[in-house]
Structures are given as structure tokens and as C-alpha cells.
Amino acid sequence: MDRASSHLRARLVVACGGVVLLLSLLSARLLYLEQVDGDRLAEEARSHYEYREVLDAQRGRIFDRAGELLARNQTVYKLVVDCRHLRDQGLACIGLAEAEQVSPQTIRKRYLPEEILGKYREYVAEVMSKPLRLPKHELARKLKEKTRGEIVLAKNIEDDFAQELDGILNRSALGGIYLRRGERRFYPSPLSLTQVVGFVDEDGIGVSGVEKAFD
């Protein structure tokens, strides 16, 4: 009986020691992740779900001495694809889940990781080809070829069309595609004043006339 008790006690000591060792290793790993690698991991996580946008200063309106408006800004949008987000497994699973009317977990089980990304690009091309009036194969090629930075799908989108595109993106659960707000110069002034007022280039920089002089 004593021998059996000693044997059992020894096994319990070994088991407890193993549990303590395992918990110690987990604690050390968690401490390392939080104190040493925490900032890098947090930045990597944010990079999958955030994107940066530079907001340019508004260009001022131009009036003549009688108060007549000669130049103003018009709000327009640009449709862009973030290449990093386009290749995010989580966003791709959400989009394909909407397309196939299943859960994202089902998508992960149904396809391999590379299949998920390929099918998601095809889904994006299929959804966006009609409103953008681009052939599906051409759009799919654009999405596949570039792997870094952004892909500009459309520029100078006016408000009504921007709202339509926003609805399509939300209904289809397309992640990684964004409508970026910008401005385009509009000149309601008479044609006789064109040389005086001048104009700006597509980057919003004054090229001639008053636009350049007071850039």
C-alpha cells in the first residue's frame, strides 16, 4: 500500500511539475509577445484593416470684383483597391461567404488559402465589371498583376454614382475597395475669362492665370 501510494505521489509530483512548467512557458511567451513583439504585431494587425489617406487642403474659390463666381471646387471620388487588403484571408472569406450564402468559417473549410484569394479576386471582378463598364477578364487581370500599393479603378466619380458604388460594395461585402473623396476644379466663368482665371492640372496645381499666381 505504501509502495503504491509512493508511486502515485511521484506521478502526481511529475504531473504537477509538468503543468507548472507548461504554464511558465505560456506566461513567458505571452510576456514576450506583449513586451517585445507587441508593437510589431499590433502594427501588422492594423495594416490589414486600416489604410491611410492624405487629405489635401481645399483650394479657394475665385470671384470677380462684382462677386461673380469664377472658379470653385466640385466634390468627386476615386475608387481604389488596397492590394494588401485584397489579399487578406479574413476579408476574402467574408466576401465569398456573401457570394455563396454561407458562413466565412465554411469558406475556410471549403477552399485552400490560395483558392480563397483567387476566387475572391474573380468575385470582385464579376461584381464590379458591370457598374465600371470594364470587361471582367481585364478587371481580373488588373487585380492579379499588382500586389503592392493601390489600384485605381475609376476617377472623377460624381456623387450619385459614388452612392451607387457604395451600395454595391456594402451589399456584396467587398473588402479592400474604397471610395476616396477628392475635389475637381469647376469653372462657371465666361469663356472670355479663361485665360485670366487659368486652370489647374489633375493634381490640383495651378498651371496658368490666377490659379497659378495664387497657387
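## Helices H6 and H8

Helix H6 passes helix H8 in a right-handed crossing; a crossing has this hand if the near helix is turned clockwise from the far one by less than a right angle, and is left-handed if anticlockwise. The model is predicted, so that local features need pLDDT of at least 70 and side-chain atom pairs count only at pLDDT 80 or more, while totals for chains, interfaces and linings use all residues. Residues are numbered from 1 along each chain as its sequence is written, and side-chain values use heavy atoms, with hydrogens and water left out.

H6 covers residues 113-132 and H8 covers residues 159-171; the two pack at an angle of about 165°, with their axes 11 Å apart. Axes are lines fitted to C-alpha atoms, for helices over the stretch in contact, and angles run from 0 to 180 degrees between N-to-C directions. H6 and H8 are therefore roughly antiparallel to each other (over 145 degrees; under 35 is roughly parallel, 65 to 115 roughly perpendicular and the rest oblique). On the H6 side the contact (heavy atoms within 4.5 Å) is made by Val-127, Met-128, Pro-131 and Leu-132, and on the H8 side by Phe-161, Leu-165, Ile-168 and Leu-169. By class, this contact of H6 with H8 has 8 nonpolar residues, no polar ones and no charged ones. Here Ala, Val, Leu, Ile, Met, Phe, Trp, Tyr, Cys and Pro count as nonpolar, Asp, Glu, Lys and Arg as charged, and the others, Gly among them, as polar.

## The chain as a whole

The protein chain has 10 helices and 4 strands. Both are DSSP runs numbered from the N terminus, with helices (H or I) of at least four residues and strands (E) of at least two. From the N terminus on, the elements run α-α-β-β-α-α-α-α-α-β-α-β-α-α.

Of the 215 residues of the protein chain, 30% count as buried (under 20% relative accessible area; exposed is over 50% and partly exposed in between, with a 1.4 Å probe and protein chains only). Among contacts between residues at least 6 apart in sequence, 66% join residues at least 24 apart.

## Other partners of H6

Helix H4 (residues 89-100) is another partner of H6: their axes come within 9 Å and cross at roughly 60°. That makes H4 oblique to H6, and the crossing of H4 and H6 is left-handed. From H4, Gln-89, Leu-91, Ala-92, Cys-93, Gly-95, Leu-96, Glu-98 and Ala-99 take part; they meet Pro-113, Ile-116, Leu-117, Lys-119, Tyr-120 and Tyr-123 of H6. The residues of this contact divide into 10 nonpolar, 2 polar and 2 charged.

The axes of H6 and helix H7 (residues 136-145) also come within 9 Å, crossing at roughly 135°. H6 is thus oblique to H7, and the crossing of H6 and H7 is right-handed. Arg-121, Glu-122, Val-124, Ala-125, Glu-126, Met-128 and Ser-129 of H6 meet Lys-136, Leu-139, Ala-140, Leu-143 and Lys-144 of H7. By class, the contact of H6 with H7 has 6 nonpolar, 1 polar and 5 charged residues. Met-128 of H6 is listed in the contact with H7 and also in the contact with H8.

## Arg-185 in strand E4

Strand E4 (residues 177-186) contains Arg-185. With a relative accessible area of 13%, Arg-185 is buried. The side chain of Arg-185 makes a polar contact with the side chain of Asn-73 at 2.8 Å. Such a contact is a pair of N or O atoms within 3.5 Å; within protein, one must be able to donate a hydrogen and the other to accept it, and residues adjacent in sequence count only if both atoms are side-chain atoms.

Leaving aside residues up to four places away in sequence, Arg-185 touches Arg-59, Gly-60, Arg-61, Ile-62, Ala-71, Arg-72, Asn-73, Val-200 and Glu-211.

## Positive phi and a loop residue

Most residues other than glycine have a negative phi. Asn-156, although not a glycine, has a positive phi of about 50°. Asn-156 lies in strand E3 (residues 150-157) and is partly exposed, with a relative accessible area of 45%. Ala-173, likewise not a glycine, has a positive phi of about 55°. Ala-173 is located in the loop between H8 and E4 and, at 22% relative accessibility, counts as partly exposed.

Ser-208 has its place in the loop between helix H9 (194-197) and helix H10 (209-213). Its relative accessible area of 24% makes Ser-208 partly exposed. The C-alpha atoms of Ser-208 and Thr-194 are separated by 9.7 Å, the two residues being 14 residues apart along the chain.
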